Amino acid sequence: MAELITVDDPDDPRLHDYTGLTDVELRRRREPAEGLFIAEGEKVIRRATEAGYTMRSMLLSAKWADPMRDVIDAARAPVYAVTPDLAERVTGYHVHRGALASMRRKPLPEPAEVLRTARRVVVMEAVNDHTNIGAIFRSAAALGMDAVLLSPDCADPLYRRSVKVSMGAVFAVPYARLDAWPRSLDTVRGAGFRLLALTPHEKAVPMDEAAPHRLERVALMLGAEGDGLSARALDTADAWVRIPMAHGVDSLNVGAAAAVAFYAVTTGRPAD
């Protein structure tokens with residue numbers, strides 16, 4: 001059995017991976033540069049390890065040692081036991097779920113790799129809110145989307161908040177970055193995908209008329225909360241589609257809109 005390493009100094013260098021977790025700008029710089037991300041809570045930690053991510057270390061309160069024993073023993077990484085107060089001093093917030101794990105990132109695949117076997121793809125432009133990223137990944141996994149492509153300015157799906165909101169679904173859906181935006185969309189079209197831009201614009205075709213579930217390959221484009229897709233992205237699309245609204249509502253939160261659109265895209269899709 002792996003032994004817990006008790007730590008009582010918040011400045012202990014062994015806890016470096018967990019310092020300042022509420023400092024978004026710091027973590028945005030540090031985590032990709034240092035090749036790590038933080039998984040929070042038993043379910044998310046388990047899903048990360050099941051997805052093949054290697055653990056660097058774990059930080060938990062003593063009462064979580066037994067529930068996480070199998071994960072601890074399999075990880076072969078140092079496990080630091082701290083009091084809830086010390087965990088808060090290190091991370092900057094009260095760790096409600098009692099356990100954190102620092103995981104090693106994997107190299108991102110190229111867009112062509114994730115497109116090779118996909119038929120239903122999400123393309124996000126400038127979605128930089130971590131909560132929305134997590135919600136969209138969770139819906140993508142639940143509703144059968146095959147892959148996600150991100151513009152260069154999209155938020156990091158492996159940021160702690162994104163991972164937490166997605167409940168680990170970011171580990172279930174392959175994703176890649178499109179380096180040249182929107183020029184890289186030509187790669188998506190070249191792979192046989194029809195680019196559908198989701199927009200509330202009055203010129204957009206209602207989703208049921210577009211019948212995306214009948215198309216062989218679909219790439220559904222989503223824009224940031226508020227601004228939506230840029231003019232450049234809209235010009236690149238093969239068609240504009242919208243979700244019909246009632247009671248004078250003009251649009252939905254991008255996370256909610258994504259879930260509705262994913263259902264329309266995947267339900268009754270052609271058999272493999």
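Predicted model: local features only at pLDDT ≥ 70, side-chain atom pairs only at ≥ 80, totals over all residues.
Start with helix α6, residues 130-142. The helix has 13 residues and spans 18 Å from first C-alpha to last, close to the 18 Å expected. A side-chain oxygen of D129 comes to within 3.0 Å of the backbone nitrogen of T131, at the start of α6. After the helix comes G144, with a positive phi near 85°. Several α6 residues are buried, among them I133, I136, F137 and A140. Residues three or four places apart on an α-helix point the same way, because each turn takes 3.6 residues.

Now turn to the rings. The model holds four aromatic pairs. One of them joins F37 and Y53 edge-to-face, at 5.1 Å centre to centre and 85° between the planes. F37 belongs to strand β2, while Y53 lies in the loop between α2 and β3, so this pair ties together parts 16 residues apart in sequence. F37 is buried, at 0% relative accessible area. Y53 is buried too, at 12%.

F37 also pairs with F171. Here the rings are tilted, with 5.7 Å between centres and 40° between planes. F171 has 13% relative accessibility, so it counts as buried. Together, ring pairs link F37, Y53 and F171 into a cluster.

Charges meet rings as well. The charged end of K106 sits over the ring of Y53, 4.5 Å from its centre. R160 lies over the face of Y93, at 4.4 Å from the ring centre.

Note on methods
Residues numbered from 1 in each chain as written. Heavy atoms only, no water. Helix = DSSP H or I, 4+ residues; strand = E, 2+ residues; numbered from the N terminus. Expected span 1.5 Å × (residues − 1). Buried < 20%, exposed > 50% of the residue type's maximum accessible area, 1.4 Å probe, protein only. Polar contact = N/O pair within 3.5 Å; in protein donor to acceptor, adjacent residues only side chain to side chain. Phe/Tyr/Trp six-rings, centres within 6.5 Å; stacked < 30°, edge-to-face > 60°. Lys NZ or Arg CZ within 6 Å of the ring centre and 35° of its normal.
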